[in-house]
Each structure stands twice: as C-alpha cells, then as structure tokens.
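Hi,

Here is the model I promised to pass on to you.

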Amino acid sequence: MKFGVSTFVTDESIRPVDLATALEERGFDALFLAEHSHIPASRESPYPEGGELPRKYYRTLDPFVVLSAAAAVTRRLVLATGIALIPQRDPIHTAKEVSSLDLISDGRAILGVGGGWNKEEMRNHGTDPATRGALLDERVLAIRRIWTEELAEFHGEHVDLDPIHQWPKPVQTPHPPIYVGGESRAALRRLAEYGDGWLPRANTPRLAARVTEVRAKAGRDLPVTVFGTPDDPATISELAEAGVGRCLFDLETAGRDETLRRLDALASLAST
C-alpha cells in the first residue's frame, strides 16, 4: 500500500516547495492537487458537500505551476492532478503542460481527470454543462493522441484538430497515466474505455466489489487510488484487502507549521 495526500494549495497555505519537500522526507508517495480556475460570484451550483463553499476553492493555485515547483525539489514524489477539469481546458495546452511536467520530473506525472460540478464555472470557459461529458472524452482522447503521435490529428463532434506537431513528448510510455475520477456509470465507462487508473472516494458503497467489477469490465488490472482515506488503520486495511494500491489522505489547506504537524501524524499512521 502506498500513501499520498490530496489537497488545495492556495496563496494562504504552505508553499509548494515546502509541502513537496515535507511529503518526500516523510515517505509519502504522491501529491494530488485539486483545480478551479476561478469561482463565479453566482452560487447557483450547490457545493456537493453541502453548506458554504470553503475559502480554499476561491484561492487555489494553478495545479501545474505547483506540481512543477514540486518536481524541482523532489526525486520520487508522484505528481498528479486530482482532478483536472478537462471540460474547461484547452486540450493542446493541457497536453503540453502534462508532457512538460513529465519531462522535468523524469516521468512522475499522472493526469487525473473529471467533469466538474460548477456549471457557472464551465459556462465561463464556453462549455455547455449538458455536453461536458462528451467534451471531456474527446479532449482526453485528443490529448492522448498528441502525446503519442508525431503528427497528431483528431476529428470528433466537440474537438476537431487538423494535423499538428507538439513537443516535448512525455517521458513515460506510452504516455502519462490517465486516472478517471468519480463513481458514476459514465465515469466507469470512461475508465474502461481509456482510463489507466481509477480515483474513487473511500466512502464509495461496495468499494471492494466495485474494484473487482471495474477491473473485469476493463479487462486489465487497473490501479486504484482512493480519495478521502480516513485516519483509521482498520479502514486502511480493508482498502488494501479490496485491492486499493494507494490511499490519499485529505490534507486540509493550512499554513506551514500546522501542515507539517498534520503530515507528521499522517506519516505515523501510514507506517503502522
């Protein structure tokens, strides 16, 4: 079992270099970063967890800037988005950002993808929330093609790319892993179609059975990384028995001293 953290890094939190260094020094395997380009003033879309939208959503840094800073001061830490909001992202720019991160980190990048929940945020990027799933699929497939072909083109309903050249190509072959977030029927269909790993939540009902089902449907032994792992050794053991390869602890956004204390506690838990 490997252990990492998922978090929001903001202008008010521990700095990226300090966080990455602390994670690697304490033996953590991975850093997964959330993404929100902005938060619309409208609160039409309810926060999925209920209540008011936490302050960290308004202030999160660009994930690829943070992960690049982390790459420069670490040697083993896996650097991932958890998740990148692909329906709000240009696929050409995203392909280049991930392949550049993979290059400078010597092959440690993971692209975690999802559709997002904030409809106003999507609309500000020119995305129709009603078709965001189809757009997500085509953009991911186009990104994969850009990574793996010297002369890449893609022609779909939502993405239409005439032949293009783009370098750098990723270090990892055939490309950086694409991890699919979510537990919906659509997410599991994506996972079977093009996912290299699954990002469910620890409280997903029947998680052990669903891991088995997902792998059977995909026809391959997909890695599973779980969000929101509780501070409970018994639950961690259950996740390991279910075939989960990596547990992510939620690292609350905080200043340096508070974050380091929390990481010390989590490292102690992970070593038990």
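A definition to begin with: the radius of gyration is taken over C-alpha atoms, and the rule for a globule is 2.2 Å times the number of residues to the power 0.38. For 272 residues that rule puts a compact globule near 19 Å, and the protein agrees because its own value is 18 Å. Along the principal axes, the C-alpha atoms fill a box of roughly 50 × 40 × 40 Å.

Two words on conventions. This is a predicted model, so local features need pLDDT of at least 70 and side-chain atom pairs count only at pLDDT 80 or more, while totals for chains, interfaces and linings use all residues. Residues are numbered from 1 along each chain as its sequence is written, and side-chain values use heavy atoms, with hydrogens and water left out.

**Overall picture**

The protein has 10 helices and 11 strands; these are DSSP runs numbered from the N terminus, with helices being H or I of at least four residues and strands E of at least two. Of the 272 residues, 52% are buried, where buried means under 20% relative accessible area, exposed means over 50%, and partly exposed is in between (1.4 Å probe, protein chains only). Taking contact as heavy atoms within 4.5 Å, 68% of the contacts between residues at least 6 apart in sequence join residues at least 24 apart.

The protein exposes about 12,500 Å², and carbon and sulfur atoms supply 50% of that area (Shrake-Rupley method, 1.4 Å probe; for residues, only the protein chains shown count as cover). There are 32 positive and 40 negative side chains, with the centres of the two sets 1 Å apart. Here Lys and Arg count as positive and Asp and Glu as negative, leaving out His and the chain ends; each charge is placed at NZ of Lys, CZ of Arg, CG of Asp or CD of Glu.

**The cores**

In soluble globular proteins, nonpolar side chains tend to be buried together. I used "nonpolar core" for a set of buried Ala, Val, Leu, Ile, Met, Phe, Trp, Tyr and Cys residues joined through side-chain atoms within 4.5 Å. The largest such core has 64 residues, and those with the most contacts inside it are L19, L23, F28, L31, V113, W198 and L263. Helix α6 (residues 132-148) gives the most to this core, with eight residues. Apart from it lies another core of 11 residues, including A30, F32, L199 and F227.

What does F28 contact, once neighbours within four places in sequence are left aside? The partners of F28 are F3, G4, V5, L23, L77, F249, L263, L266 and A267.

Helix α1 (residues 16-25) has P16, L19, A20, A22, L23 and E24 buried. Their cover includes β1 (2-7), β2 (30-33), α3 (63-73), β11 (246-251) and α10 (256-270). Just after α1, G27 takes a positive phi of about 85°.

**Two buried threonines**

T229 sits in the loop between β10 (225-226) and α9 (233-241). T229 counts as buried because its relative accessible area is 4%. Not counting residues up to four places away in sequence, T229 touches A202, I236, L239, C247, L248 and F249. T229 and S6 are 223 residues apart along the chain, yet their C-alpha atoms are separated by 9.9 Å.

T94 belongs to helix α4 (residues 91-104) and is buried, with a relative accessible area of 1%. With residues up to four places away in sequence not counted, T94 touches I86, R89 and I143. The C-alpha atoms of T94 and R55, 39 residues apart along the chain, are separated by 26 Å.

**Backbone points to check**

Most residues other than glycine have a negative phi, and most peptide bonds are trans. Where are the cis peptide bonds that I noted? One joins W167 and P168, with omega about 5°, and another joins T173 and P174, with omega about 0°. P168 is in the loop between β7 (160-164) and β8 (178-181), and P174 is also found in the loop between β7 and β8.

D106, in the loop between α4 and β5 (109-114), has a positive phi near 60°. D106 counts as exposed because its relative accessibility is 65%. R206, in the loop between β9 (197-199) and α8 (207-218), has a positive phi of about 55° although it is not a glycine. At 52% relative accessibility, R206 also counts as exposed.

Best wishes
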